[in-house]
Amino acid sequence: MTLYAYVDGPLGEMLLAGEEAADGRTALASLSLPGQKGGAVVRDGWRHAPGAFTGVAAQLRAYFTGGLTRFDLLYGDSGTDFQRRVWRALEDVPYGTTVTYGEIAARVGAPGVGVRAVGTAIGRNPLLVVRPCHRVIGADGALRGYAGGLERKERLLGLEGALVR
């Protein structure tokens with residue numbers, strides 16, 4: 001059964017969704033922002049369970065106040081093999097830094113024309129904020145697509161001190 005909760009934050013009310021893991025923790029499957037392109041929506045049969053996301057909410061609060069630079073969460077398993085490779089590469093981008101789509105493509109063994117596929121995989125990241133796709137920018141240093149909106153991407157990069165201008 002999918003569990004869900006809402007958590008307030010500086011980007012708006014975030015929807016958290018996940019599944020209970022065998023060890024009793026909640027595996028986070030989705031973190032969606034209001035108005036997010038392709039964001040999750042609560043479905044029939046989902047159970048509202050704010051207590052299941054206490055640890056996630058605490059880490060998010062710490063991140064937004066500058067006290068956390070890397071999330072330590074259990075994630076649900078989703079996506080294709082290629083998407084998971086790209087998402088793992090995102091998790092390796094350090095707080096306060098940016099990389100280009102081309103650099104991510106090279107890291108996952110898909111340079112050149114693979115940049116477009118990497119962009120698509122990043123756009124399907126179901127874990128905004130915690131899986132830092134906001135740290136990926138264009139080769140020219142410009143902020144490019146973010147499912148939560150470019151203004152939120154800019155805000156996250158500003159929070160991390162990584163704005164490139």
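A residue counts as buried here when its relative accessible area is under 20%. Keep that cut-off in mind for this one, which is a predicted model. By that rule, 44% of the 165 residues of the chain are buried.

Next, the overall layout. The chain has five helices and six strands. Starting at the N terminus, their order is β-β-β-β-α-α-β-α-α-β-α.

On dimensions, the C-alpha trace spans about 45 × 35 × 25 Å along its principal axes. The radius of gyration is 15 Å, and this agrees with a compact globule, because one of 165 residues would come out near 15 Å. As for contacts with a separation of 6 or more, 56% of them join residues 24 or more positions apart.

Now the interior. In soluble globular proteins, nonpolar side chains tend to be buried together. Here the largest nonpolar core holds 42 residues, and L31, L60, I104 and V129 have the most contacts inside it. Two or more residues each come from the strands β1 (2-7), β2 (14-20) and β3 (26-32), and from the helices α1 (54-64), α2 (81-91), α3 (101-107) and α4 (114-123). The biggest contributor is α1, with five residues.

Take I104 as an example. What is I104 in contact with, once neighbours within four places in sequence are left aside? The partners are V86, A89, L90, V93, V99, V118 and V136.

Last, the surface and the charges. The chain exposes about 8200 Å², of which carbon and sulfur atoms supply 51%. There are 19 positive and 16 negative side chains, and the centres of those two sets are 5 Å apart.

Note on methods: Residues are numbered from 1 along each chain as its sequence is written. This is a predicted model: local features need pLDDT of at least 70, side-chain atom pairs count only at pLDDT 80 or more; totals for chains, interfaces and linings use all residues. Side-chain values use heavy atoms; hydrogens and water are left out. A nonpolar core is a set of buried Ala, Val, Leu, Ile, Met, Phe, Trp, Tyr and Cys residues joined through side-chain atoms within 4.5 Å. Buried means under 20% relative accessible area, exposed over 50%, partly exposed in between (1.4 Å probe, protein chains only). Helices (H or I, at least four residues) and strands (E, at least two) are DSSP runs, numbered from the N terminus. Contact means heavy atoms within 4.5 Å. The radius of gyration is taken over C-alpha atoms; the globule rule is 2.2 Å times the number of residues to the power 0.38. Accessible areas come from the Shrake-Rupley method with a 1.4 Å probe; for residues, only the protein chains shown count as cover. Lys and Arg count as positive and Asp and Glu as negative; His and the chain ends are not counted. The place of a charge is taken as NZ of Lys, CZ of Arg, CG of Asp or CD of Glu.
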